[in-house]
Amino acid sequence: MKDGFGRTIDYMRISITDRCNLRCRYCMPYGIEPVAMQEILCFEEIEAAARCAASLGIRHLKVTGGEPLVRRGCCRLVKMLKQVPGIEKVTLTTNGVLLEEYLEQLLDAGIDGINVSLDTMDPKRYKDLTGRDCLASVLRALELAAAGVPSVKVNAVSLDLGEENWTDLVKLAERLPVDVRFIEIMPIGYGKEFPALDHRELLDKLKMLYPGLREDRSQHGFGPAVYYKIPGFRGSIGFISAIHGKFCSSCNRVRLTSQGYLKTCLCYEDGTDLRAVLREGWNTGEKEGHYCWPEGLRPDDAELQGRLRKAFEEALRKKPAAHCFEEPEKITEAGNMASIGG
Ligand code: SAM
Ligand code: SF4
């Protein structure tokens, strides 16, 4: 699938809930306005949207949130998405708090990769940043995942927490077969209150600490990270620098929010209401508190896929050329990262 600027779009992030069991300071320090469960896409709707996306060329799906593992049945959804024709990889982004509990089910579902978000290795700082004292269980889950999941990455938002905070995270890639990636904070929601640190400074420090550090050009996934290899390390170190290393010209992604809004760029609120397309002509049914299609009935699949396809294609035509994070007055996205899915 090509967008209006000829970029190949083959990656869709799907947020399956706005809720979360952490309160990261830069994301949702005070929680979120509760959204009625009926407003959230049910798994059948997500699967229908994924099927349409795959028919248009999406190959990789990322399940995200909020915290995806707090939504009941998350592993079942992973399994459903793995069966969508054309989808090659289904991966998950999680804070890791519930990962130990669900790892086995995720492996059974066929998960291809797990990203664990972790910004510090210091238990006190972890509690201060996230509101919960559970670093030990996240690290336990990370070790277990590293031993069984084909690809495990640690994602750390680059915060001004001192050199040791960075180097302690980097050392995880020495001990475990995981890539450790630093992500420049973006001015979305509470992220606006934090400065976007320039990764070049960190890279220079790492070069001094590890003189053997070299750029690693091997394929690590589907994203814009730039990777480096340190001799003797089991994983690589990656940098995702959306602001100081703008990569919009090679953007390959779209985002589906938990309420079914298809977003083509993080920076702008523009998008397409896929939920309206999915629910057109249907009265709300309900199962376990969630919206569902009425008992025993499903929309005509060919007709629904046709409508979804039109909506996807129209959204893609309008995908902006680039974000405008460096000009904050032009940012129109007023939502928070937890709703968008990162
Ligand atoms: N709860 C899951 C987690 O933390 O991995 C999935 C959702 S979370 C919104 C996805 C990713 O977005 C996390 O790695 C988080 O650190 C990152 N994130 C949140 N706010 C951000 C911001 N303003 N800029 C950059 N990344 C952000
Ligand atoms: Fe929750 Fe992830 Fe946001 Fe932290 S970054 S509050 S874990 S959604």
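Predicted model: local features only at pLDDT ≥ 70, side-chain atom pairs only at ≥ 80, totals over all residues.
Let me begin with Phe182, which, leaving out residues up to four places away in sequence, touches Ala156, Ser158, Trp166, Leu169, Val170, His199, Leu202, Ile237, Gly238, Phe239 and Ile240.

Together with Met12, Phe182 has the most contacts inside the largest nonpolar core, a core of 110 residues. The element that gives the most to this core is helix 1, spanning residues 43–55, with 8 residues.

I turn now to His220. Where in the fold does His220 sit? His220 belongs to the loop that runs between strand 7 (214–216) and strand 8 (226–229). Is His220 buried or exposed? Its relative accessibility is 17%, and because the limit for a buried residue is under 20%, His220 counts as buried.

The surroundings of His220 can be described in some detail. With neighbours within four places in sequence set aside, His220 is in contact with Lys153, Asp179, Tyr227 and Ser236. One of these, Asp179, also takes part in a polar contact, side chain to side chain, with His220 at 2.7 Å. A polar contact of 3.3 Å links the side chain of His220 to that of Ser218.

Next, the ligands. Around ligand 1 there are 18 residues, and those that come nearest are Tyr26, Gly66, Thr93, Ser117 and Met186. By class, this shell has 6 nonpolar, 10 polar and 2 charged residues.

Which atoms of the protein approach ligand 1 at polar distances? On the side-chain part, an N or O atom of Tyr26 is 3.1 Å from an oxygen atom of ligand 1. On the backbone part, a polar atom of Gly66 is 2.9 Å from a nitrogen atom of ligand 1, and an N or O atom of Thr94 lies 3.5 Å from an oxygen atom of ligand 1.

Definitions and conventions: Residues numbered from 1 in each chain as written. Chains lettered and ligands numbered in written order. Heavy atoms only, no water. Core = buried A, V, L, I, M, F, W, Y, C linked by side-chain atoms within 4.5 Å. Buried < 20%, exposed > 50% of the residue type's maximum accessible area, 1.4 Å probe, protein only. Helix = DSSP H or I, 4+ residues; strand = E, 2+ residues; numbered from the N terminus. Contact = heavy atoms within 4.5 Å. Polar contact = N/O pair within 3.5 Å; in protein donor to acceptor, adjacent residues only side chain to side chain. Near = heavy atom within 4 Å. Nonpolar A, V, L, I, M, F, W, Y, C, P; charged D, E, K, R; others polar.
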